[in-house]
Amino acid sequence: MLSNAFERTRPRQTWAAPGPTDRHPLAETVDSALKIVIVGGFGVGKTTMVGSISEIRPLSTEEVMTQAGTGVDDLRGVRHKRTTTAAFDFGRITVDATRVLYLFGAPGQKRFWFLWEQLFTGSLGAVVLVDTARVEDSWYAVDRLEHHGMPFVVAVNRFGPGPSLDRVRTALDLSDDVPLLECDARRRESSRDVLITLVHHLASSGRTTAKDPT
Amino acid sequence: MRADPLHKEKPDRLYMVTGGRGGADEPSLDSVALIVAESEPSPEMQSEHAAVLRLCARPTAVVELSAELGLPVSAVRVLLADLLDTGAVTARHPAPSTVREGPQHDPDTLKQVLLALQRL
Ligand SMILES: Nc1nc2c(ncn2[C@@H]2O[C@H](COP(=O)(O)OP(=O)(O)OP(=O)(O)O)[C@@H](O)[C@H]2O)c(=O)[nH]1
Ligand SMILES: [Mg+2]
């Protein structure tokens, strides 16, 4: 039912209060958009990271997913095609006169995890945010990204004292070539450093369209 | 001004806007395809179409249209399909890419992204 789609989810964050948006349109010359997805468990700081680094006030919207016969609803024994509405937020960073980078904060609730794959499509790469109190929540994200061959970095959003990075690497069974770092998603420089680490990783992992001689 | 004609409408309204189409069965525009208006909004136009044309006076990503219009991305895709059909808008970066194909970027793009981040 499309009418489900109309239950708009208003932005929950105070900095994204409803009301007239002061729009900041892109320059006329911009002709390509890139995206990076931030994933991780519920409440781990994805929205906070988007907000700390975006040059526009983050926007919130939703996607309506139709699930035919398979997926989450199936587990509840629902037979008919159902739609699920998932809210997500995004921000953007101007790259240059022709390019813009969008950052997507994926919805964190477990029932939406299967929707991440849709967000991965066409992305440069991903950031997996980890809360050390619930490292296992991020295991699924790592598993999905590896499955899709999507390059990613893992950032531990420190809410307080917790295990060392080495222990997180072991707990998530991360291979040595996956960058792992600490961050504070509330701080712009810290979020920026996470993205810089990701871009370095993308460059070195060679998943580019350039001809590779080897 | 927020182009916001649908916020206070009833659920049926969305059905009307999209003609009952939409959802996962439509071949989909990328969520960050940049939409550009190629013509002026006209009075006889469906108001949602006119709103899209106004917003797209400058290039605007599909997800931004969605946020500005207060409509789900899937509904915006349906509106855009109509406008693309008639040539009222064009899409930049329309190529659908899949994760398996790999991201559509080159070393220069990565370098420029890096420079932009370092400027923040
Ligand atoms: N102490 C601390 N709190 C943080 C940090 N990052 C985020 N928070 C807080 O944690 C809460 C959840 O952050 P969100 O950014 O909404 O998390 P999310 O991952 O988007 O959550 P969902 O979208 O609901 O899964 C908010 O109250 C933030 O202010 C951090 O680095 N340190
Ligand atoms: Mg969030």
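Student: Looking at α3(B) and α4(B), which way do they lie relative to each other, roughly parallel or roughly perpendicular?
Tutor: Keep in mind that this is a predicted model. The helices are α3 (residues 62-69) of chain B and α4(B), and they pack at an angle of about 110°, with their axes 9 Å apart. An angle from 65 to 115 degrees counts as roughly perpendicular. So α3(B) and α4(B) are roughly perpendicular.

Student: How many charged residues does the contact of α2(B) with α4(B) have?
Tutor: From α2(B) come Glu48(B), His49(B) and Val52(B), and from α4(B) come Leu79(B), Leu80(B), Asp82(B) and Leu83(B). Split by class, that contact has four nonpolar residues and one polar, and the charged ones number two.

Student: Now the sheet in chain B: which strands stand at the edges?
Tutor: It's an open sheet of three strands with antiparallel pairing, in the order β2-β1-β3. Each edge strand has a single partner, so one side of it is left without a neighbour in the sheet. Those edge strands in chain B are β2 (60-61) and β3 (89-92).

Student: Over to chain A. How far is the polar side-chain atom of Lys46(A) from an oxygen atom of ligand 1?
Tutor: 16 residues surround ligand 1, and Lys46(A) is listed among the closest, along with Gly45(A), Lys46(A)'s neighbour in that list, and Asn157(A). A backbone N or O atom of Val44(A) sits 3.1 Å from a ligand oxygen, and a side-chain N or O atom of Arg186(A) is 3.4 Å from a ligand nitrogen. For Lys46(A), the distance to a ligand oxygen is 2.7 Å.

Student: Last one: how far apart are the axes of α1(A) and α6(A)?
Tutor: α1 (residues 46-53) and α6 (residues 188-205) of chain A pack at about 100°, and are therefore roughly perpendicular. Residues in the contact include Met49(A) and Ile53(A) of α1(A) and Val194(A) and Leu195(A) of α6(A). As for the axes, they are apart by 8 Å.

Definitions and conventions:
Residues are numbered from 1 along each chain as its sequence is written. Chains are lettered from A and ligands numbered from 1 in the order in which they are written. This is a predicted model: local features need pLDDT of at least 70, side-chain atom pairs count only at pLDDT 80 or more; totals for chains, interfaces and linings use all residues. Side-chain values use heavy atoms; hydrogens and water are left out. Two strands pair if DSSP finds at least two bridges between them. Helices (H or I, at least four residues) and strands (E, at least two) are DSSP runs, numbered from the N terminus. Contact means heavy atoms within 4.5 Å. Ala, Val, Leu, Ile, Met, Phe, Trp, Tyr, Cys and Pro count as nonpolar, Asp, Glu, Lys and Arg as charged, and the others, Gly among them, as polar. A residue is near a molecule or strand if one of its heavy atoms lies within 4 Å of it. A polar contact is a pair of N or O atoms within 3.5 Å; within protein, one must be able to donate a hydrogen and the other to accept it, and residues adjacent in sequence count only if both atoms are side-chain atoms. Axes are lines fitted to C-alpha atoms, for helices over the stretch in contact, and angles run from 0 to 180 degrees between N-to-C directions. Angles under 35 degrees count as roughly parallel, over 145 as roughly antiparallel, 65 to 115 as roughly perpendicular and the rest as oblique.
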